[in-house]
Amino acid sequence: MDGILAASYALGVEVPADTFVTSLTPVLQTALDAVVIMREDGTIGGWNEVAEQIFGWPASEAVGKQLSELIIPHRYREAHHRGLSAYLTSGKGPLLGRRVEITGLRASGDEFPVELSIAPTTDAGEQVFLGFLRDISERKAAEDALRESEARLSATYNHALVGIAEVDRSGRFVRANDQFSVMTGYSLEELRTRTFFDLTHPADLASEQQVFAEHWDGRDAYTVEKRYVRKDGAIIWVELAASIVRSEDGEVSYGVRIVRDITDEKRAGEQQRLLLQELNHRVKNTLTVVQGLAHQTFKSGAVPPETLRSFEGRLGALAAAHNLLMKQTWEATPMADAVEAALRPFQTANSRISLGGPDLLLTPAATITLTLALHELATNAAKYGALSNNDGTIDVGWSTEADTLKLIWRERAGPPVVQPTRIGFGTRLIQRAIASDLGGTVDINYDGLGLICTIISPLKRTTP
């Protein structure tokens, strides 16, 4: 509004309509918001470029038209007319003097949120309204997205089956979910007066403090198993995953702790360990009893000492396999460990037996079967093959091809070998065990350089 127009208002002089709109042209052109001038009959008297952009009507089409027909959705038009009539009668209106959010209408027919403020004035004795409108579609969309994100986070945070807490640099709880409160026995208010060091079992405190210090000095995440002391004094085991949240400038804002109660898992694991120890103890006792029975049964000399030693050697191989399975809690056993355990009694200081192959896990059944098979091969080598002299060597290698496991036993530099006239017990044991337990095949080749035994078995029968 220029100086002439301002002076005219101050003196109470009415300004012609075209002069009023023309005087506002600089304002209309430079305003960052849409500016709309509405006369008391509801028609549009002024319409700036921003209004053209957000509503889609050019000024040439908008000026002179009813404002309600252009930018107000149909369902709100009656209320608009009532409000205008009431103001012209009483000089009061609910929208004057404040910012409100309303629904606008584009030329395309699309509705969108608008922030509106209205300033009434007079023009040549006629009531005129200056409307300042701002398209807040992006802001509302961002607010809706934020609310949705917060609602989703709140639902996840408060209904998670794990404890979730946020801590500051001192370790003090800033926020925690209901599950964390249930897990520790402390209310959310009580947690805010404590640090997670206060809840940590004394035996785990030193290591926790060390890793926490490293965490805030740059170690972004870590996972530990530790003990908490509940409010009632009970001790629980938890698996804690820690991470940090950084601000845009890289500074640490707070730490996040996700905690899972693993007390039952720990108890079950300990019980399983004790049961396995008892099982292993009983198996060893049983093997000892079997060995004693064999001595008592064969002490008359009806069985050659060599046969008795072979029997005891097989019991020893079976015991070694059970020891290995006990070490692995009767789960998957590394192939290399099984081969090494079977051949350990036959190894010498100059390592005449070499072994190698890819990392591979065996089922418990495959561990026992292959251990016994390798024991039989080594026993035969000690009697007649590469281990019966001072120069012979044995190479044990394994590989996987397609869906099969291939193990090759190759003897070299031993005494000349020839095809036996009959199949011995050890050979039958190997063939039957591999076939029945592993669904595999055994091929024994007595070539001039030394015995070669190839064992092939489906991986689905030998690996977990």
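Colleague: Where is the place of A413?
Modeller: This model is predicted: local features need pLDDT of at least 70, side-chain atom pairs count only at pLDDT 80 or more, and totals for chains, interfaces and linings use all residues. Residues are numbered from 1 along each chain as its sequence is written, and side-chain values use heavy atoms, with hydrogens and water left out. Helices (H or I, at least four residues) and strands (E, at least two) are DSSP runs, numbered from the N terminus. A413 is in the loop between β15 and α17.

Colleague: What is the phi of A413, in degrees?
Modeller: Most residues other than glycine have a negative phi. A413 is not a glycine, yet its phi is positive, at about 65 degrees.

Colleague: Is A402 buried or exposed?
Modeller: A402 is in the loop between β14 and β15, and its phi is also a positive value, near 55 degrees. Buried means under 20% relative accessible area, exposed over 50%, and partly exposed in between, with a 1.4 Å probe and protein chains only. A413, at 45%, is therefore partly exposed. A402 has 78% relative accessibility, so the word for it is exposed.

Colleague: Which residues touch the most other members of the largest nonpolar core?
Modeller: A nonpolar core is a set of buried Ala, Val, Leu, Ile, Met, Phe, Trp, Tyr and Cys residues joined through side-chain atoms within 4.5 Å. The largest one has 35 residues, and those that touch the most other members are M335, L374 and W409.

Colleague: Which are the edge strands of the open sheet of 5 strands?
Modeller: The order is β7-β6-β10-β9-β8, with antiparallel pairing; two strands pair if DSSP finds at least two bridges between them. Each edge strand pairs on one side only, and the two are β7 (173–176) and β8 (221–229).

Colleague: What angle does the direction of helix α12 make with that of β8?
Modeller: Helix α12 (residues 202–216) packs on the sheet and touches β6, β8, β9 and β10; contact means heavy atoms within 4.5 Å. Axes are lines fitted to C-alpha atoms, for helices over the stretch in contact, and angles run from 0 to 180 degrees between N-to-C directions. For α12 and β8 the angle is about 150 degrees.

Colleague: How many bridges join β8 to strand β9?
Modeller: The two strands run antiparallel, and K226 stands opposite V238 in β9. The number of bridges between β8 and β9 is 9.
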